[in-house]
Amino acid sequence: MTPKPWKSFVSPLPSPGRQFCLHDIDVQLERFGALGSFVQVWRDKWRDGKLPSWSDFDFYDFGGWHGWIHIDEVISASPFEMRCRLWGSALVDRLGIDETGKLLSRSPAIVERNLIPFYQDILSIPAIGTNSGLVTSYGRASEWSVIKLPCPGYGAEPDVILSCSLSGIALVFQPEGLLEGRSG
């Protein structure tokens, strides 16, 4: 059996309308609605066209977003594994779980199909990732929009994903203008 290639703009999941999308890193901020201001914080740290390192950010850069931020760092390329370095307090309150310090392979989110190729593409292309729609993997059903931004951690290549979630709103993206992900 040959697996179907993964399409970045729609990943079929049990939850109807759930989208995993890849966007050019310099796409217009308006595309991301209220999360556009979070992307602007990230872009303000670019220097000479280079992605900002995680160490370029300060706590105060994220005013108003603190409880909704989550940060994942690659700890192994093969097999691919990430560890959650920060999981905001508003996420804990809304989802009923604190992912801080936990491995991606142990997260309830790992049941979402194509999650690992999605994260790999965000880091390797690099691209802005979004996932939006009805989230059920944490045992609670609610609409979310999540923005995922690639950052170098300790080297020159992106190995950290800086994310911010917005509860109660599910952004919708049309396939045109999105980047294609790579097959599994």
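Okay, let's start with the aromatics. Phe-38, Trp-54, Phe-57, Phe-62 and Trp-65 come together as one aromatic cluster. And keep in mind as I talk that this is a predicted model. When you search the whole structure for aromatic pairs, you get 11.

One of those pairs I'd like to pick out is Phe-20 with Phe-118. The ring centres sit 4.9 Å apart and the planes are at 90°, so we call this pair edge-to-face. Phe-20 belongs to strand E1 and Phe-118 to helix H3, so the pair ties together parts that are 98 residues apart in sequence.

Let me step back to the overall layout. We have 184 residues, and 49% of them count as buried. The protein has 3 helices and 6 strands, and reading from the N terminus the order is β-α-β-β-α-α-β-β-β. The accessible surface comes to about 9200 Å², with 54% of that belonging to carbon and sulfur atoms. If you take contacts between residues at least 6 apart in sequence, 57% of them join residues at least 24 apart.

E1, residues 19-23, is joined to E4, residues 128-135, by 5 bridges, and the two run antiparallel. Within that pairing, Leu-22 stands opposite Gly-129 of E4. Further along the sheet, E2 and E6 pair over 5 bridges, again in the antiparallel sense. There, Asp-72 has Ile-161 in E6 as its bridge partner.

Back to E1 for a moment. How many of its residues are buried? 5 of the 5 are, so the strand is largely enclosed by the rest of the structure. Both of its faces are covered: Gln-19, Cys-21 and His-23 are buried on one side, and Phe-20 and Leu-22 on the other.

What about the helices? H3 covers residues 115-124 and is mostly covered itself, with 7 of its 10 residues buried. Those are Leu-115, Pro-117, Phe-118, Tyr-119, Asp-121, Ile-122 and Leu-123. Which strands do they pack against? E1, E2, E3, E4, E5 and E6. Phe-118, from the ring pair I began with, is on that list of buried residues.

Last topic, charges. The structure holds 2 salt bridges. In one of them, the side chains of Lys-45 and Asp-61 meet at 3.1 Å, N to O. Both residues are in the loop between H1 and E2, 16 residues apart. Asp-61 is partly exposed, with 25% relative accessible area.

The other salt bridge is between the side chains of Arg-85 and Glu-73, at 2.7 Å from N to O. This one links strand E3, where Arg-85 sits, to strand E2, where Glu-73 sits, and the two residues are 12 apart. Which end is buried, and which is partly exposed? Arg-85 counts as partly exposed at 43% relative accessibility, whereas Glu-73 is buried, with a relative accessible area of 10%.

Terms used. Residues are numbered from 1 along each chain as its sequence is written. This is a predicted model: local features need pLDDT of at least 70, side-chain atom pairs count only at pLDDT 80 or more; totals for chains, interfaces and linings use all residues. Side-chain values use heavy atoms; hydrogens and water are left out. Buried means under 20% relative accessible area, exposed over 50%, partly exposed in between (1.4 Å probe, protein chains only). Helices (H or I, at least four residues) and strands (E, at least two) are DSSP runs, numbered from the N terminus. Two strands pair if DSSP finds at least two bridges between them. Contact means heavy atoms within 4.5 Å. Accessible areas come from the Shrake-Rupley method with a 1.4 Å probe; for residues, only the protein chains shown count as cover. A salt bridge is a side-chain nitrogen of Lys or Arg within 4 Å of a carboxyl oxygen of Asp or Glu. Rings of Phe, Tyr and Trp (its six-membered ring) pair if their centres lie within 6.5 Å; planes under 30 degrees apart count as stacked, over 60 as edge-to-face and the rest as tilted.
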